[in-house]
Amino acid sequence: MDGPEQLALEGLPVAAPRRRPRRTGPVAVAEEAPVARVCIDLPPAHLDRPFEYLVPASLDAAARPGTRVKVRFGGQDVDAYVLERVDEAEHEGTLAPLRRVVSGEPVVTPAVLRLARAAADRWAGTLADVLRLAVPPRHARVEAEPTPVGDEPRPPAPVLSGTAWAPYRGGAAFLQHLASGGAPRAVWTALPGPAGERWPDAVAQAVASCLVSGRGALVVVPDARDLDRVLDALRAAGVPDAVRLAADDGPAPRYRAFLAALRGRARVVVGTRASAFAPVADLGLVVCWDDGDSLHAEPRAPYPHAREVLALRADLEGTAFLVGGHARSVEAQALVAHVWAREVVADRATVRARTPRVRALTSVELAREGPAAAARLPAPAWRVIRDALAQGPVLVQVPRAGYVPVVACARCRAAARCGYCHGPLGVPARGSIPTCAWCARLAGDWRCTECGHDQLRSVRVGSERTAEELGRAFPGVTVRASGARAAAGVLATVPDTPALVVATPGAEPVVAAGYAAAVLLDAGVATSGASLRAGEDALRRWLAAAALVRPADAGGQVVVVGDGEERVTQALVRWDPAGYAARELDERAELGLPPAVRVATVTGPREAVAAVVARVQDVEVLGPVPVAGPPRRGELVPDVRAVLRVPRARGAALAAGLRASLAVRSARREGGNVRVQLDPADLA
DNA sequence: AGCACGCCGACT
DNA sequence: GTCGGCGTGCTC
């Protein structure tokens, strides 16, 4: 018997190990690296591994790594990406040839491939799924457009003037580190102020500093309005060769922008969530603005989050990392807590000097107003608006309608949570016992963990008629509405003249000189909600609105009206987003909630969910529980959802276990649609 | 995902 | 006696 390594070569002369794959047919094969390892663009999880094909000599030059190709797979032609070219095949059988190269454009760069693979692993998805998010659909006409040559001389290196970072502790050091080619990682709490330095200028200056080091940069923002703001600021900072990359811009502009980055014509990409995967050459800095915004969560499988993709990328490519907003997400706080990133914040005195005066009008403060205290716009708030209107525009923020009914403590308004697993409580039917949405345990003897009260109340939805109501309350005053459902849509800016500006969260127009005041209505509705992040979301929206108001010494004031959750309201009044995030993270750690632990949800028909979950080892399984709401279209029985929970350190094992289980599921063709989400944005 | 092969009911 | 159901298996 020969050595074990000879077993596979049975029947071949021992002295002549196979060097070249056998050639099939008359087609000549490429001289160099004749084997292409490809990723097949098909959904089933068990196909998520490389398949090998021979590269015909005629395709040798075109079939570079990263190009799109057509291959014969299972009797039909399918799309695939060339992952790499190698000398020898691992596959034992004969190899089929590539059918054709769709385009010579190597759309998946080695760095993006590594990132996409890591993302697929991290979110229990397939490489094909992630590449579908990362690589825009090909647009042949755009690809054929002549590259402008010479008409755009590379601009001189931007002048370094980090004035926007001067107010922040560690701000100047961050820029310097960037400019000298380093990879600092920062969690940044932006100061308010349309009047002073604005956040887009700070982002632009960070990008400019990165360019000074000779590296490219990538900025991911929630929506198109923020995108425009960053691009304007970049232009002002002397960075004209930035490109805008957003799926919403349409197929041709999107692919054009993608190619500009890929071909190295644009060193800076500013985009929405999918651009976290953009092929920026020699990347030196990734930025995620307002990472708490739910728009950063990709709604398509495998549901990656832009902030986390960028964090992965910073690790894989050794780039600098900047995540920031007026608020701080609990996940960003976790980056600080794990000493993965450093805080960049202004000191208290600076914060006080830049922020408006903030007051809360809760039922306690309004007690002496009598029954009128229950009004949606109590008299003190009305007076604030009236007085501020003499100074300039007044912003009125109204929570979006359409909240899921949840239950909260009747006294302190803290969201009610399960005594066993800390999932959110809901009332399945009128008058029934509150039930945990995760583990289905009944909460008959519920007691508030915040204040000890034992009475629950359900929380209502917001109203849509605010603009009309205000119009009647302030006759003769111009009322402008901004929001997805407003007649004029979302307004980017409004003039500096007195007017009431009614906006839903995220749709607040900017005023050059700042609002004279902001009134945040229905605080109780804003801070309640089944989601774990209801409080965090409310604070983020409030801060975003309040950040548009003039500082206190210029008369700016903010009033939050209603009985919001105490600690959220207090965090706003004290303008302390970092403190709020730190306390919230501590509490999540105590209660075993993410991001202190890692969780995954598995949603689908009961038997399918059970099968997927049963194959995952060493996890705590909560539920399954029927998902709220009516059954999915065409189904009689509502889907169920299980929550899997592991300690943070076992997060990778959780994802790997789920990936393996999904591979078994697809190979066996177990029925039904099952959705697996790691670290879902709303663990409702 | 598609397409093979492979064993058990109602039809020419 | 066959045509055909969709249960495993494979696809370089």
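This report walks through a few features of the predicted model shown above.

## About the model

Because the model is predicted, local features are given only where pLDDT is at least 70 and side-chain atom pairs only at pLDDT 80 or more, while totals for chains, interfaces and linings use all residues. Residues are numbered from 1 along each chain as its sequence is written, and chains are lettered from A and ligands numbered from 1 in the order in which they are written.

## Around the DNA

Let us start with DNA strand B. The residues around it are Leu42, Pro43, Pro44, Gly74, Gly75, Gln76 and Ser666, where near means a C-beta atom, placed from the backbone, within 6 Å. This surface has three nonpolar, four polar and no charged residues. Here Ala, Val, Leu, Ile, Met, Phe, Trp, Tyr, Cys and Pro count as nonpolar, Asp, Glu, Lys and Arg as charged, and the others, Gly among them, as polar.

DNA strand C has 13 residues around it, and Glu52, Gly74, His91, Leu95 and Ala96 come nearest. Two or more residues each come from strand 2 (51–54) and strand 3 (68–73); strand 2 gives the most, with three. Strands (E, at least two residues) and helices (H or I, at least four) are DSSP runs numbered from the N terminus. By class, the surface near DNA strand C has six nonpolar, four polar and three charged residues.

## The barrel

Five strands close into a barrel in the order 1-2-5-3-4, with mixed pairing; two strands pair if DSSP finds at least two bridges between them. Neighbouring strands of this sheet are turned by 55° against each other on average, direction ignored.

Strand 1 (residues 35–40) and strand 4 (residues 76–86) run antiparallel and are joined by six bridges. Ile40 has Ala80 of strand 4 as its bridge partner.

## Two crossing helices

Now to helix 4 (residues 171–179) and helix 5 (residues 199–212), whose axes come within 7 Å and cross at roughly 30°. Axes are lines fitted to C-alpha atoms, for helices over the stretch in contact, and angles run from 0 to 180 degrees between N-to-C directions.

Helix 4 brings Leu175, Leu178 and Ala179 to the contact, and helix 5 brings Gln205, Ala206, Ser209, Cys210 and Val212. Residues are in contact if their C-beta atoms, placed from the backbone, lie within 7 Å. By class, six of these residues are nonpolar, two polar and none charged.

## A look at Ala410

Ala410 lies in the loop between strand 16 (407–409) and strand 17 (425–426). Leaving aside neighbours within four places in sequence, Ala410 is in contact with His453, Gln455, Leu456 and Arg457. Cys448 is 38 residues from Ala410 in sequence and 9.1 Å away in space, C-alpha to C-alpha.

Definitions and conventions: Two residues are in contact if their C-beta atoms, placed from the backbone, lie within 7 Å.
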